[in-house]
Amino acid sequence: MTSPMAAHRPSNVELLRSYLRHRDDPQPFLDAMADRAIADLGIDVDGDRVLDLGCGSGSDAVRLRGRGAEVVGIDLSSEDLVEGRSELPTLVRADGGRLPFPDGTFDGVYCSNVLEHTPDPGAIFNEIARVVRPGGWSWVSWTNWYSPVGGHDIMVLNYLGPTLGPALWTRLRGRPERNVPFDGLWPTYVGKMLALARSTEGLRLVDAKPRYYPSQRWLLRVPGLREVATWNCVLLFERAGSGRVTS
């Protein structure tokens, strides 16, 4: 196993700069997001067997392995699975709501910005609870619909709702190539995701916070405001059993 490496933590300004260039060159933004997430993870993953659920281009998986974890990456889209890079961990094409692993296979599950890309986020939570060993951990983030980029490719027009917003975008600019609402992208709301998280059997919600300004946890306790002010949310879970996860 490689020695764990220190994680660079990009600032919000660095993330914004890379995001503004992501349409022409998305990989630097994906790498910066991965650097930020792993730096903020707050869990020593050295020696852990970790599932990167929805690994996409593999940026997060590479960094988890760099911190000493044994990583398995899964993604449903074959287009997103990047093959042929020696630094990538094991990659599997699979549905996050029907994982091809036995119960308790992993010490932890890392799931970044997946919930908005499935019509059934409850199935994701249930599968996380199933494949994490007792005492293990899970880190889950997602982009809520009423954040500035909640509509992804139709950003800003998502504030008009998941029906009117996409219709206006299509009229003005044509149908988006990816992340079409209800076809690759589903509206996710903070209140509903928190309710799902708290009701998933076998998972204990340890912490819930905005991803980009985690000290402002109080925002997630305010209905309405949390839907527009958090932008992206992070949930930290412990699998039922004696574990090491603390808020």
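Me: Is arginine 133 buried, partly exposed or exposed in this predicted model?
Reply: In this predicted model, arginine 133 has a relative accessibility of 26%. Buried means under 20% and exposed means over 50%, with partly exposed in between. Arginine 133 therefore counts as partly exposed.

Me: Which residue meets arginine 133 in a salt bridge, and in which strand does that partner lie?
Reply: The side chain of arginine 133 meets that of aspartate 107, at 2.6 Å from N to O. The pair links distant parts of the chain, 26 residues apart, with arginine 133 in strand S5. Aspartate 107 is buried, its relative accessible area being 17%. The partner is thus aspartate 107, and its place is strand S4.

Me: How many residues apart are arginine 49 and glutamate 70, which form a salt bridge?
Reply: The closest N and O atoms of arginine 49 and glutamate 70 are 2.6 Å apart. The pair links distant parts of the chain, since arginine 49 lies in strand S1 (residues 49–53) and glutamate 70 in strand S2 (residues 70–75), and the separation is 21 residues.

Me: How many salt bridges does the structure hold?
Reply: Side chains of opposite charge can pair when their charged atoms come close. The rule applied here asks for a side-chain nitrogen of Lys or Arg within 4 Å of a carboxyl oxygen of Asp or Glu. For the structure, the count is nine.

Me: How many disulfides are there?
Reply: A disulfide is a covalent bond between the sulfur atoms of two cysteines. Cysteine 55 is buried at a relative accessible area of 4%, and cysteine 111 is buried at 0%. With a pair of cysteine sulfur atoms required to lie within 2.5 Å, the number of disulfides is zero.

Me: Why do the buried residues of helix H6 line one face of the helix, and which residues are they?
Reply: Seen down the axis of H6, the buried residues fall within an arc of 100°, so they line one face. The other side of H6 carries the exposed Lys192 and Ser199, while the cover over the buried residues includes helix H4 (121–131), S5 and strand S8 (203–210). The buried residues of H6 are Val190, Met193, Leu194 and Ala197.

Me: Against which strand do the buried residues of H5 pack?
Reply: In H5, the buried residues are Gly165, Pro166 and Trp169. They cover an arc of only 90° around the axis, which puts them on the same side of H5, and the face turned away from that side carries the exposed Leu164 and Arg171. The strand they pack against is S6 (180–181).

Me: Which residues make the nonpolar surface patch of about 440 Å²?
Reply: One of its members, valine 156, lies in the loop between strand S5 (132–143) and helix H5 (164–173). At 53% relative accessibility, valine 156 counts as exposed. The patch is made by Val156, Tyr159, Trp218, Leu225 and Val228.

Key: Residues numbered from 1 in each chain as written. Predicted model: local features only at pLDDT ≥ 70, side-chain atom pairs only at ≥ 80, totals over all residues. Heavy atoms only, no water. Patch = residues over 30% accessible without salt bridge, like charges linked within 9 Å, V, L, I, M, F, W, Y side chains within 5 Å. Areas by Shrake-Rupley, 256 points an atom, 1.4 Å probe, with all protein chains shown as cover. Helix = DSSP H or I, 4+ residues; strand = E, 2+ residues; numbered from the N terminus. Buried < 20%, exposed > 50% of the residue type's maximum accessible area, 1.4 Å probe, protein only. Arc of directions from axis to C-beta. Contact = heavy atoms within 4.5 Å.
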